[in-house]
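Thanks for sending this one over. Here are my notes, point by point, to read alongside the model.

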Amino acid sequence: MNPELTSPSSSSDRRISVLARHLVGVEMDPQNDSISAFPTSGSDSNSVFSHVVRGPEDPILGVTVAYNKDPSPVKLNLGVGAYRTEEGKPLVLNVVRKAEQLLVNDRSRVKEYLPITGLAEFNKLSAKLMFGANCPAIQENRVTTVQCLSGTGSLRVGAEFLAKHYHHRTIYIPQPTWGNHPKIFTLAGLSVKTYRYYDPATRGLNFQGLLEDLNSAPSGAIVLLHACAHNPTGVDPTSQQWEQIRKLMRSKGLMPFFDSAYQGFASGSLDADAQPVRMFVADSGELLLAQSYAKNMGLYGERIGALSIVCKTADVAGRVESQLKLVIRPMYSNPPIHGASIVAAILKDRDLYNEWTIELKAMADRIISMRQKLFEALRARGTPGDWSHIVKQIGMFTFTGLNSKQVAFMTKEYHIYMTSDGRISMAGLSSKTVPHLADAMHAAVKRVA
């Protein structure tokens, strides 16, 4: 027997040759089993993707990229919405560490796939957290909740569902809004229009413009509403204004789609921050809700959120859920288990839940104190203008009113990084960095038009 025919390398080479002939669909020279080069191999200059242009940095995440490249010891990142301690460090809540330890110690836990809709316990508890423990819609099984990839994934799944199954494919979003909103809805197949929201003159809510635009919207249109702590302005309607918005939307048959990224993180109260959503649920109308635990539990990297759809009947809710599964399955199949397990462990345990509310309020209170300190620092410097909006706004962000030239000046001269629209993350400030920011803002207002 020829030893060459039995050598592992020879046998392997023949298998590769047969596979190559099968893939290429042509006979190959048995004396030359080499595979000729194709456009998908070889040097970069021959790449079939050589026409692809470099995409722009994300306007929010790109701020961090620029910040990381800056060697200055006094640099300050106020761009990305992530909470920082007084020492400027990322925070993992003590209650989250406790919950994770419980999960680690539970030897019965496995890493099997979750169902398409996610962790059932997490879904049930998430709906209860937002809609209230005694919500009739939950008791009547009119709410379907599916676990999604944080707020972004929840919005995308909801948008894909609406594009396929809702009779109106236009969504109205506030002007301004989170930069990812128009991209999410457009890529899902919805037509995006805006309604007036922020008034630059007062640095507050343009309530009259909001009502006029929603009243002019076609019957049945979808309307995106920030549940609390509007991003990027930090400007929220009052309870009375919310009631007017609700009545107008219901009278016109507009479909509410709430984005709740900051429940408990705005006022420090989970129930207070949920009131706008609960107003709409109480009238027995239908709505969508995207929910995220990135901010209020600090689970940014776990990508944990939920989409809830409140329906008229339990039967409709069941059919809606069946279609949500068909949206999710080809998108990411099913969601990850770890973040949902952390949230469920905290929400179902009275002691852990109470500890979470204490830590959550401490985060909210620190942000509120940073607002007060910045306002007082600007006033002490005699910075031109009325800066009272800093303490009137709520949540993680402040819309400073600074223009793009002033922002660029602050980045160049003071190494302070923020989005070009003048939005700053109050959660990124500390008592030590407030004076530096106040100096920069004072100089920018005085020296740059």
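1. How do the residues of the lining of the largest pocket divide into nonpolar, polar and charged? The lining has 13 nonpolar, 10 polar and six charged residues (Ala, Val, Leu, Ile, Met, Phe, Trp, Tyr, Cys and Pro count as nonpolar, Asp, Glu, Lys and Arg as charged, and the others, Gly among them, as polar).

2. A word on the basis: this is a predicted model, where local features need pLDDT of at least 70 and side-chain atom pairs pLDDT 80 or more, while totals for chains, interfaces and linings use all residues. Residues are numbered from 1 along each chain as its sequence is written, and side-chain values use heavy atoms, without hydrogens or water.

3. Back to the largest pocket: its volume is about 600 Å³. On a 1 Å grid over the protein atoms alone, a pocket is an open set with protein on both sides within 12 Å along at least five of seven lines, a cavity is a set of points where a 1.4 Å probe fits but cannot get out, and lining residues have an atom within 4 Å of a point. Of the 29 lining residues, T152, W178, N231, K295 and R303 are the closest to the pocket's centre. Helices α7 (150–165) and α8 (180–188) are the elements that give two or more residues to this lining, and α7 contributes the largest share, four residues.

4. The structure also holds one cavity of 30 Å³ or more, and the largest cavity has a volume of about 60 Å³. Its lining splits into eight nonpolar, two polar and no charged residues; among them are Y195, L210, H226 and W242. At least two residues each come from α9 (207–216), β7 (222–226) and α10 (239–252) (helices are DSSP runs of H or I, at least four residues, and strands runs of E, at least two).

5. Now the sheet. Seven strands form an open, mixed sheet in the order β2-β10-β9-β8-β7-β3-β4 (two strands pair if DSSP finds at least two bridges between them). Its edge strands are β2 (143–149) and β4 (191–196). Strands β9 (287–292) and β10 (304–310) pair in the antiparallel sense over six bridges, with L307 in β10 as the bridge partner of A290.

6. Finally, helices α14 (350–381) and α17 (434–447) pack at about 50 degrees with axes 9 Å apart (axes are lines fitted to C-alpha atoms over the stretch in contact, and angles run from 0 to 180 degrees between N-to-C directions). The two helices, α14 and α17, are therefore oblique to each other (angles under 35 degrees count as roughly parallel, over 145 as roughly antiparallel, 65 to 115 as roughly perpendicular and the rest as oblique).

Definitions and conventions: Grid points are joined across faces, edges and corners, and a volume is the space filled by probe spheres set on the points.
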